Amino acid sequence: MNGYGAFAAFYDALTEDVDYAAWAEYLLEVFSRHGGTANQLLDLACGSGSLSLELSSRGVDVIGVDGSADMLAIAREKSAEAGEDVLFLCQDMRELDLYGTVDGAVCLLDSLSHILDTADLSEIFRRLGLFIAPGGLLIFDVNTPHKHAVTLGDNAFVYELPEFLCVWRNRYSSSNGEVSMQLDFFLEEDGTYQRYTDEVRERAYAMTTWKRLLTEAGFDLEAVYGERSFDMPDEQADRWVFVARNRAICQRNGE
């Protein structure tokens with residue numbers, strides 16, 4: 001296994017502490033507080049589908065999009081086991097192409113932090129503007145510069161789980177806020193340990209950059225919250241949650 005194939009096989013175990021049910025409830029509350037509709041939602045970079053299934057179980061019609069076929073294979077299997085009807089599509093975020101519009105979109109677990117170029121982020125936001133209904137909400141979270149510099153930094157972590165051992169080593173670049181992560185997975189097979197390696201890179205952008213990119217793509221930023229809260233994030237926050245509205249409704253009303 002290599003690339004996302006390796007990571008996909010261990011992803012659910014590594015993220016077992018993520019409370020997807022709480023995230024689903026929080027997202028629906030964000031839609032409610034901001035007057036958004038959440039009948040049909042896009043779960044962008046849905047990974048193995050855990051959040052998609054939580055939203056679907058709450059009556060939301062979900063379209064899950066991810067660029068990893070390995071992740072989506074797991075997502076489809078979990079969906080079938082749960083009896084949830086979720087449409088999963090294998091697409092690069094930069095080439096998002098839906099069959100029509102959705103009420104809104106969510107993108108969680110710092111998925112957009114994996115985009116290392118602002119031109120690519122601009123294209124992702126532009127495409128989201130095409131497929132989110134006029135006035136619909138886009139909710140996403142990202143890693144903060146503080147998280148990359150301090151929490152992740154040049155640190156190393158070891159996760160000893162029943163299924164495998166993971167050694168996670170970071171290299172931080174202060175020049176551009178990037179963190180390069182090498183994840184080595186050690187899995188016992190027939191009395192010996194096999195090593196699988198994956199490499200992930202993420203970039204932390206300044207708040208002003210996110211605001212500019214959203215504005216240029218036709219979104220109005222309504223709020224920035226701390227992780228799964230409705231409070232403004234402080235300087236030590238590891239995660240920002242953005243709530244933006246597709247400005248297209250204003251253009252239509254002005255016609």
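1. The exposed residues Ala69, Glu77, Ala80 and Glu81 sit on the face of helix α4 that is turned away from its buried side. The model is a predicted one, and the points that follow should be read accordingly.

2. The buried residues of α4 are Met71, Leu72, Ala75, Lys78 and Ser79. Viewed down the helix axis, these buried residues fall within an arc of 120 degrees, so they line one face of α4. An α-helix has 3.6 residues a turn, so residues three or four places apart point the same way.

3. Helix α4 comprises residues 69–82, 14 residues in total, and spans 20 Å from its first C-alpha to its last, close to the 20 Å expected at 1.5 Å a residue. Just after the helix, glycine 83 adopts a positive phi of about 75 degrees.

4. Aspartate 70 also belongs to α4. Its relative accessibility is 42%, and it therefore counts as partly exposed. The C-alpha of aspartate 70 lies 8.0 Å from that of alanine 9, although the two residues are 61 apart along the chain.

5. Helix α2 (residues 20–33) likewise has 14 residues and reaches 20 Å between its first and last C-alpha atoms, close to the 20 Å expected at 1.5 Å a residue. Its buried residues are Tyr20, Trp23, Ala24, Tyr26, Leu27, Val30 and Phe31. These cover an arc of only 165 degrees around the axis, which puts them on the same side of α2. Ser32 and Arg33 are exposed on the other side of the helix. Glycine 35 follows α2 and has a positive phi, near 70 degrees.

6. How many residues of strand β1 are buried? In this strand (residues 40–44), 4 of the 5 residues are buried, so β1 is largely enclosed by the rest of the structure. The strand runs parallel to strand β2 (residues 61–66), to which 5 bridges join it; glutamine 40 stands opposite aspartate 61 of β2. Together with helix α3 (residues 50–57), β1 and β2 make a right-handed β-α-β unit.

7. Strand β1 also pairs with strand β4 (residues 102–107), in the parallel sense and over 3 bridges. Within this pairing, the bridge partner of leucine 42 is alanine 105 in β4.

8. A further 4 strands form an open sheet in the order β6-β7-β8-β9, with antiparallel pairing. The edge strands, each pairing on one side only, are β6 (156–160) and β9 (192–203). From one strand to the next, the twist averages 15 degrees. Strands β7 (residues 165–173) and β8 (residues 178–189) are joined in the antiparallel sense by 9 bridges, and tyrosine 172 has valine 179 of β8 as its bridge partner.

9. With a cut-off of 2.5 Å between cysteine sulfur atoms, the model contains 0 disulfides. For cysteine 107, the closest cysteine sulfur is that of cysteine 46, at 9.8 Å, which is too far for a bond. Cysteine 107 is buried, with a relative accessible area of 1%. Cysteine 166 is buried as well, its relative accessible area being 0%.

Definitions and conventions. Residues are numbered from 1 along each chain as its sequence is written. This is a predicted model: local features need pLDDT of at least 70, side-chain atom pairs count only at pLDDT 80 or more; totals for chains, interfaces and linings use all residues. Side-chain values use heavy atoms; hydrogens and water are left out. Buried means under 20% relative accessible area, exposed over 50%, partly exposed in between (1.4 Å probe, protein chains only). Helices (H or I, at least four residues) and strands (E, at least two) are DSSP runs, numbered from the N terminus. Two strands pair if DSSP finds at least two bridges between them. A crossover is right-handed if, with the strands pointing away from the viewer, the path from the first strand over the helix to the second runs clockwise. Axes are lines fitted to C-alpha atoms, for helices over the stretch in contact, and angles run from 0 to 180 degrees between N-to-C directions. The expected span of a helix is 1.5 Å times one less than its number of residues. The arc is that of the directions from the helix axis to the C-beta atoms.
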